[in-house]
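Reader: I have a new model open and would like to talk through its architecture. Could you guide me from the overall fold to the details?

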Amino acid sequence: MLSARISRSLASRLQPQSTQALRSLSSGCQRRSLATVTTATAGSRHRRRNIGYIASAAAAVTLSYGLWRQNEAYCDAVSDDKQRRAEGPITDSDPMRLRMESFIKSLQNKIVQDVEAIDGKQFTRTAWQRPEGGEGITCVLQDGNVFEKAGVGVSVVYGQLPKAAVEQMRHDRGKEITADGPVPFFAAGISLVMHPHNPNCPTVHLNYRYFEIENPDGTPKMWWFGGGSDLTPSYLFEDDAIHFHQVLKDGCDKADKRYYKDFKQWCDKYFYIKHRGEARGIGGIFFDDLDDKPAEELFTFVKDMGNRFSMSYLPIVKKRMNMKFTPEMKRWQQIRRGRYVEFNLVWDRGTKFGLQTPGARIEAILMSLPLTSRWEYMHEPEVSTEEADLLEVLKNPRDWVPLD
């Protein structure tokens, strides 16, 4: 399996030199602290799967949320990157950090423009700066003509993983990691969620991110990409599901024929509401700790998948946004949104990690939640209805396009 190979790659990077490397990493910063880290290889495929979840959580915190505000030291990456930005446009010869930052800001602008063209209402933009290094832009459209709530956030953060974060990474990754001091890191990414008014229009989620742990000179000690996109309808239109998955599969196949199968199955397992016994939606792709190819190849893959958002989702919106619907359909949409909230607040590791992090920007963390939702006691859809048909698919995920 692809995931097993990624695990071996990541473990091999960490194991041989982790203790000495992180000591030198710490000593090279402006304010010195001693970090002692020991690692062990993950023991099983099941434990490997969890690597991505906490990496996603740590990255998700950095992607939108403002993050830690301790008076901690930072490596040369902060000042070097600041100087490079001031010199002019970022090129292919620049560090991956700066190239990912440039890409996600450009993608955010494109998506916002595309959605505004459909909705007719503009996003509200909120920009923030981190004195220690980094910035973010959160764009939110609320009470629009088509979208009840839509958010597109970008974050670029230089920081240090605090001991609590390192401990959580150790626990969820199945690795024996101990740390007496913070670990410098960089993370950048784009995250979006869109909740349309019309129950015939599905909700969509997307997130693509880059994460690296720094050497004292600002070069990456360890890096990986993560991300994905998934669709959450209230009413199932099979042609919409096929279209959405086919666009994602076409992008995956350009990079690696195994990607779609592995990432689709990973998505089905991750976006699962365990206490309900059902999926959050009809899936898409999900991946993390992706470092199985050279960074240049993976960056090309991530850029392609990010640029596919408009072609994967917006044609569905245009097709469904003016369809007639009844108050009963709207009520069902609100109930399904309640399940969306349950997943995000109970099971999503990025949300939980963010809410537990000192100094986190709560409004950005909760940006993904719908404007309205509903919970009814002991609600069950009537048999042989469209609502019941959707629930059957959520309890038994389908392969909407061939996996191979």
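Author: Gladly! The protein has 14 helices and 9 strands, where helices (H or I, at least four residues) and strands (E, at least two) are DSSP runs numbered from the N terminus. This is a predicted model, in which local features need pLDDT of at least 70 and side-chain atom pairs count only at pLDDT 80 or more, while totals for chains, interfaces and linings use all residues. Residues are numbered from 1 along each chain as its sequence is written, and side-chain values use heavy atoms, with hydrogens and water left out.

Reader: What share of the 404 residues counts as buried?

Author: Buried means under 20% relative accessible area, exposed over 50%, and partly exposed in between (1.4 Å probe, protein chains only). Of the 404 residues, the share that counts as buried is 60%.

Reader: Which residues touch the most other members of the largest nonpolar core?

Author: A nonpolar core is a set of buried Ala, Val, Leu, Ile, Met, Phe, Trp, Tyr and Cys residues joined through side-chain atoms within 4.5 Å. The largest one has 66 residues, and those touching the most other members are Met-194 and Phe-225.

Reader: How are the rings of Phe-225 and Phe-299 arranged as an aromatic pair?

Author: Rings of Phe, Tyr and Trp (its six-membered ring) pair if their centres lie within 6.5 Å; planes under 30 degrees apart count as stacked, over 60 as edge-to-face and the rest as tilted. Here the centres are 6.4 Å apart with 20° between the planes, and the pair is stacked.

Reader: Where in the chain do Phe-225 and Phe-299 sit?

Author: The pair links distant parts of the chain, 74 residues apart. Phe-225, at 0% relative accessibility, is buried, and so is Phe-299, at 3%. Phe-225 lies in strand S6 (residues 220-232), and Phe-299 in helix H9 (residues 295-307).

Reader: Why is the pair of Tyr-270 and Phe-271 edge-to-face?

Author: Tyr-270 and Phe-271 are both buried. Their ring centres are 4.9 Å apart, and the pair is edge-to-face because the planes are at 90°.

Reader: Is Val-346 buried, partly exposed or exposed?

Author: Val-346 is placed in helix H11 (residues 327-347). Its relative accessible area is 40%, so by the cut-offs above Val-346 is partly exposed.
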